[in-house]
Amino acid sequence: MTYPLARAGAGILLCALALVYLPAQAQQSKNLAPGFSQRPAASKLVVVPADLELFSIGAGGVPEPRADWTQAAQKNVKSGLASHKLKLGADVLGLEEKDMDELADINSLHGAVAQSVFLHHMMGGVLKLPTKNGALNWSLGEAVKPLKDKTGADYALFIWIRDSYASNERKAAMIAMAMLGVGIAGGAQIGYASLVDLNDGRIVWFNDLRRASGDLREAEPAKETVEALLKGFPVSQ
């Protein structure tokens with residue numbers, strides 16, 4: 001999976017913004033849409049293939065997409081999700097990459113909406129939207145209908161992650177600048193997880209991850225990333 005450099009740069013900039021943000025102790029309600037607390041016991045969940053991309057950060061700070069790392073991350077994140085079957089529920093359908101050929105636009109839409117949720121709801125502050133009244137009130141709208149029709153599911157779990165790692169040249173530059181008393185950033189990991197009601201498109205639960213650690217290239221660290229993203233995930237009861 002490859003993307004234009006401009007998009008990669010925007011993703012890394014967003015990572016930088018996220019890392020300087022120190023969140024206040026979040027209330028549980030901040031992660032839940034108004035009126036939502038848990039999934040019905042008989043509800044069906046579809047897990048959408050994660051939207052992932054991994055980058056190597058060069059000496060000058062320019063991100064370079066790494067398709068081999070991204071491919072490994074897809075496998076590791078999928079395995080990490082499989083290890084959370086009890087949390088995801090009894091009736092879970094997992095889509096494969098090939099199933100997304102006709103549904104690629106919805107994953108892209110989720111990424112754009114999730115970034116808005118993160119910036120304007122989770123980060124808040126001066127970026128908070130007054131019209132939202134502090135509530136998790138975002139939707140993918142009618143765009144989810146093809147996914148509903150294809151799977152028959154009631155809810156969908158979307159995951160979006162961008163992960164970057166300092167190259168050896170970048171690490172050398174970091175050491176050199178540190179000796180001069182100047183700190184420069186290395187890699188960063190930022191991710192979003194959304195539970196979407198496929199009956200109306202609403203995001204009913206949202207969680208984000210932003211940090212300078214984590215490694216999706218390896219199975220165990222990737223499992224930890226999935227666990228962190230699914231913290232507080234509404235179980236079906």
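In this predicted model, the largest nonpolar core has 29 residues, and those with the most contacts inside it are Leu 45, Leu 81, Leu 157, Ile 159, Leu 195, Leu 216 and Phe 233. Two or more residues each come from β1 (45–47), β2 (51–57), α2 (67–82), β5 (155–166), β6 (189–197), β7 (203–211) and α7 (219–229), and of these elements β5 gives the most, with five residues. Apart from this core lies another one, of 28 residues, which includes Met 122, Met 123, Trp 160 and Ile 190. As a general matter, nonpolar side chains in soluble globular proteins tend to be buried together.

One of the contributing helices, α7, has Ala 222, Thr 225, Val 226 and Leu 229 as buried residues. Viewed down the axis of α7, the buried residues fall within an arc of 100°, and they therefore line one face of the helix.

In another pair, the ring centres of Trp 205 and Phe 233 are 5.2 Å apart and the planes stand at 90°, so the pair is edge-to-face. Trp 205 is in strand β7 and Phe 233 in the segment after α7, and the pair thus links distant parts of the chain, 28 residues apart. Trp 205 counts as buried at 1% relative accessibility, and Phe 233 counts as buried at 5%. Beyond residues up to four places away in sequence, Phe 233 touches Arg 39, Leu 45, Lys 87, Leu 88, Leu 157, Leu 195 and Trp 205.

Charge also meets aromatic rings here: Arg 217 lies over the face of Trp 69, at 4.6 Å from the ring centre, and the charged end of Arg 217 sits over the ring of Tyr 165, 3.8 Å from its centre.

How far can the model be read? The mean pLDDT of the protein is 83, and 78% of its residues reach 70 or more. Over residues 1–13, however, the pLDDT is below 50, although this stretch has 22 contacts in the model beyond near neighbours in sequence. The pLDDT also stays under 50 over residues 16–28, for which the model has 13 contacts beyond four places in sequence. Where pLDDT is low, the predicted coordinates should not be read in detail.

Notes
Residues are numbered from 1 along each chain as its sequence is written. This is a predicted model: local features need pLDDT of at least 70, side-chain atom pairs count only at pLDDT 80 or more; totals for chains, interfaces and linings use all residues. Side-chain values use heavy atoms; hydrogens and water are left out. A nonpolar core is a set of buried Ala, Val, Leu, Ile, Met, Phe, Trp, Tyr and Cys residues joined through side-chain atoms within 4.5 Å. Buried means under 20% relative accessible area, exposed over 50%, partly exposed in between (1.4 Å probe, protein chains only). Helices (H or I, at least four residues) and strands (E, at least two) are DSSP runs, numbered from the N terminus. Contact means heavy atoms within 4.5 Å. The arc is that of the directions from the helix axis to the C-beta atoms. pLDDT is the predictor's confidence in each residue, from 0 to 100. Rings of Phe, Tyr and Trp (its six-membered ring) pair if their centres lie within 6.5 Å; planes under 30 degrees apart count as stacked, over 60 as edge-to-face and the rest as tilted. A charge sits over a ring if NZ of Lys or CZ of Arg is within 6 Å of the ring centre and within 35 degrees of the ring normal.
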